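Colleague: I am new to this structure. Could you walk me through reading its features?

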Amino acid sequence: MRDETTGTGQHTVDINVPSVARMYDHYLGGKDNYAVDREAVAALDEKVPRTRHLARNNRRFLQRVVGILVREYGIRQFLDHGSGLPTQDNVHQVAQRAAPGSRAVYVDNDPIVLAHGRALLEENADTAVIRADMRDTDAIFDSPEVKRLIDLSRPVALLFVSVMHCIPDHSDPAAVVRRALERVPSGSFVVLNQLVSHDQETRDFVTGFMDRSTNGQWGRVREPHDVEAYFTGLDVLEPGLVEVNDWRPDSDLCARQLEDETWFEFGGVARKP
């Protein structure tokens, strides 16, 4: 594994401001987080409980998708936008277990992700982590590590897993997906889901809370129809766009979001024609 910083500006870890990546790490039972992250999680849970349950379901969705893309569709290259902190059964581990030699590049703008990625993945030559804003498509695809590991003459899986709610409307999240898709060949895949809610109060609360807590490093909780727009022009795989636990569950015992829960992860997988 190699690491690289792309884009402009230098970043340092600010332990006084919650980080989305570190909050997610705490939800998954990780140790790479600070008191400020845990306090933000506790405050969020007071208003929207079961968020830890939601985060873990999202992680299982990612692992299922990666395994299926490798085994059933022959995908061997993954570009993970907004990857977050390394945890157990990361993208490269799932993919390489199914097909040794599979390659993965992780992209995140949190400096702690770069530091931990370097420490945990340094022995894996088929994996890299770069620090970049996932909206900066040119910086990502022009980076030496993406050029080294990703063969753009072959299909690539673009992962946008539980990250689109971090992109504000003025950055046009649908355009972020389109720009990435323009750089990969036909037969490539996009895996995308984000937090949604049918309840206006929930959307407003979570969006405002996270925006204030992270000093603006947030977009908004959206509605399912907003997510559907990201898939325009793509061939969506069965079972379509769904709550992530309903996307090809590997067990009938897989937990489901309850019908009365106010927010959930919604999305799916699609192929570029």
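Colleague: How many salt bridges does a search of the whole structure find?

Modeller: Keep in mind that this is a predicted model. A salt bridge needs a Lys or Arg side-chain nitrogen within 4 Å of an Asp or Glu carboxyl oxygen. The search of the whole structure gives eleven.

Colleague: Which residue forms a salt bridge with Arg97?

Modeller: Asp89 does, and the closest N and O atoms are 3.0 Å apart. Over 50% relative accessible area is exposed, and under 20% is buried. Arg97 has 55%, so Arg97 counts as exposed. Asp89, with 31%, is partly exposed.

Colleague: What about Asp133 and Arg135?

Modeller: Their side chains also meet in a salt bridge, at 2.7 Å from N to O. Asp133 is partly exposed at 24% relative accessibility. Arg135 is partly exposed too, at 31%.

Colleague: Where do Arg220 and Asp169 lie?

Modeller: Start with the contact. Arg220 and Asp169 form a salt bridge, their closest N and O atoms being 2.7 Å apart. Arg220 sits in the loop between H9 and helix H10 (224–230), while Asp169 sits in the loop between strand E5 (157–161) and helix H8 (173–182). The two are 51 residues apart in sequence, so the pair ties those parts together. Arg220 is partly exposed at 26% relative accessibility. Asp169 is partly exposed as well, with 43%.

Colleague: Which residues do salt bridges with shared partners join into one network?

Modeller: Asp138, Asp142 and Arg183.

Colleague: On to aromatic rings. How many aromatic pairs are there?

Modeller: Rings pair if their centres lie within 6.5 Å. By that rule there are four aromatic pairs. One of them is Phe61 with Trp247, with ring centres 6.0 Å apart. Planes over 60 degrees apart count as edge-to-face. Here the angle is 85°, so Phe61 and Trp247 are edge-to-face.

Colleague: Where in the chain are Phe61 and Trp247?

Modeller: Phe61 belongs to helix H3 (residues 51–73). Trp247 is in the loop between strand E8 (242–243) and strand E9 (264–271). The pair links distant parts of the chain, 186 residues apart.

Colleague: Are Phe61 and Trp247 buried or exposed?

Modeller: Both Phe61 and Trp247 are buried.

Colleague: And how do the rings of Phe205 and Phe209 compare in centres and planes?

Modeller: Planes under 30 degrees apart count as stacked. The rings of Phe205 and Phe209 have planes at 25° and centres 5.8 Å apart, so this pair is stacked. Both residues are in helix H9 (residues 200–213). They are four residues apart there, so about one helical turn separates them. Phe205 is partly exposed at 22% relative accessibility. Phe209 is buried, with a relative accessible area of 12%.

Colleague: Last topic, strands. How many residues of E9 are buried?

Modeller: Seven of the eight, so E9 is largely enclosed by the rest of the structure.

Colleague: In which sense do E6 and E9 pair?

Modeller: Strand E6 (residues 189–196) pairs with E9 in the antiparallel sense, over eight bridges.

Colleague: What is the bridge partner of Val236 in E9?

Modeller: Ala270. Strand E7 (residues 235–236) and E9 are antiparallel, with two bridges. E8 and E9 also pair in the antiparallel sense over two bridges. There, Val242 stands opposite Gly267 in E9.

Conventions:
Residues are numbered from 1 along each chain as its sequence is written. This is a predicted model: local features need pLDDT of at least 70, side-chain atom pairs count only at pLDDT 80 or more; totals for chains, interfaces and linings use all residues. Side-chain values use heavy atoms; hydrogens and water are left out. Buried means under 20% relative accessible area, exposed over 50%, partly exposed in between (1.4 Å probe, protein chains only). Two strands pair if DSSP finds at least two bridges between them.
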